[in-house]
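My entries follow the order in which I went through it.

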Amino acid sequence: MPNRGDPPRPDELREAARVAARALSVVPARPDELPPPLGAARRSAAERLRTDPDTVERDLIRLVLTIVELLRQLMERQALHRVDEGDLTEEQEERLGLTLMILHDRMTELCDQYGLTMDDLNLDLGPLGTLL
């Protein structure tokens with residue numbers, strides 16, 4: 001395994017270039033590059049947004065909970081990685097596990113409170129797939 005100070009190997013550079021090219025190939029067109037919809041005049045961004053005064057609070061809560069759930073899942077993955085690496089004591093592992101379980105339970109409670117499910121938080125990112 002190379003040290004962090006070592007220069008990257010050619011095969012690592014090729015892999016990084018391949019991954020970057022793949023990532024950039026799925027970037028959607030900028031709004032100014034898109035043609036107007038068939039039979040419709042070009043509309044401003046404010047006109048394209050669907051805002052409903054009756055659901056704005058729930059939609060905002062959904063967005064906030066989606067971000068919190070994404071962070072929770074990232075923290076959980078990092079915690080599992082640290083456990084696998086043996087970086088934590090048994091006490092730290094137990095505290096971390098308990099904290100993550102409590103956070104998951106609280107997320108479920110908040111979803112119930114606002115009439116959402118955990119599936120509602122999994123945003124569809126179009127060609128990139130789903131968020132969670």
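**Entry 1, one residue and its neighbours.** I began with Leu 121, which, leaving aside its neighbours within four places in sequence, is in contact (heavy atoms within 4.5 Å) with Arg 62, Leu 65, Thr 66, Glu 69, Met 107, Cys 111, Leu 116 and Leu 132. Before going further I noted that this is a predicted model, in which local features need pLDDT of at least 70 and side-chain atom pairs count only at pLDDT 80 or more, whereas totals for chains, interfaces and linings use all residues. Residues are numbered from 1 along each chain as its sequence is written, and side-chain values use heavy atoms, with hydrogens and water left out.

I then looked up the largest nonpolar core and found six residues in it: Leu 65, Met 107, Leu 110, Cys 111, Leu 116 and Leu 121. Helix H4 (residues 90-113) gives the most to this core, with three residues. For the term itself I wrote down that a nonpolar core is a set of buried Ala, Val, Leu, Ile, Met, Phe, Trp, Tyr and Cys residues joined through side-chain atoms within 4.5 Å. Buried means under 20% relative accessible area, exposed over 50%, and partly exposed in between, with a 1.4 Å probe and protein chains only.

I counted four helices and zero strands, running α-α-α-α from the N terminus on; helices (H or I, at least four residues) and strands (E, at least two) are DSSP runs, numbered from the N terminus. Buried residues make up 10% of the 132 residues in the chain. Among contacts between residues at least 6 apart in sequence, 56% join residues at least 24 apart.

How do I describe the way the axes of H3 and H4 cross? They come within 11 Å and cross at roughly 160°, the axes being lines fitted to C-alpha atoms, for helices over the stretch in contact, with angles from 0 to 180 degrees between N-to-C directions. H3 and H4 are therefore roughly antiparallel to each other, since angles over 145 degrees count as such. On the H3 side the contact is made by residues including Leu 65, Met 75 and Ala 79, and on the H4 side by residues including Leu 96, Leu 100 and Met 107. I recorded the residues of this contact as 11 nonpolar, one polar and four charged, where Ala, Val, Leu, Ile, Met, Phe, Trp, Tyr, Cys and Pro count as nonpolar, Asp, Glu, Lys and Arg as charged, and the others, Gly among them, as polar.

Met 75 lies in helix H3 and is partly exposed, with a relative accessible area of 46%. Not counting residues up to four places away in sequence, Met 75 touches Leu 100 and Leu 103; Met 75 and Leu 100 are 25 residues apart in sequence and 8.3 Å apart in space, C-alpha to C-alpha. In helix H4 I looked up Leu 96, which counts as partly exposed at 28% relative accessibility. Leaving aside its neighbours within four places in sequence, Leu 96 is in contact with Ala 79 and Leu 88.

Terms used
Parallel < 35°, antiparallel > 145°, perpendicular 65-115°, else oblique.
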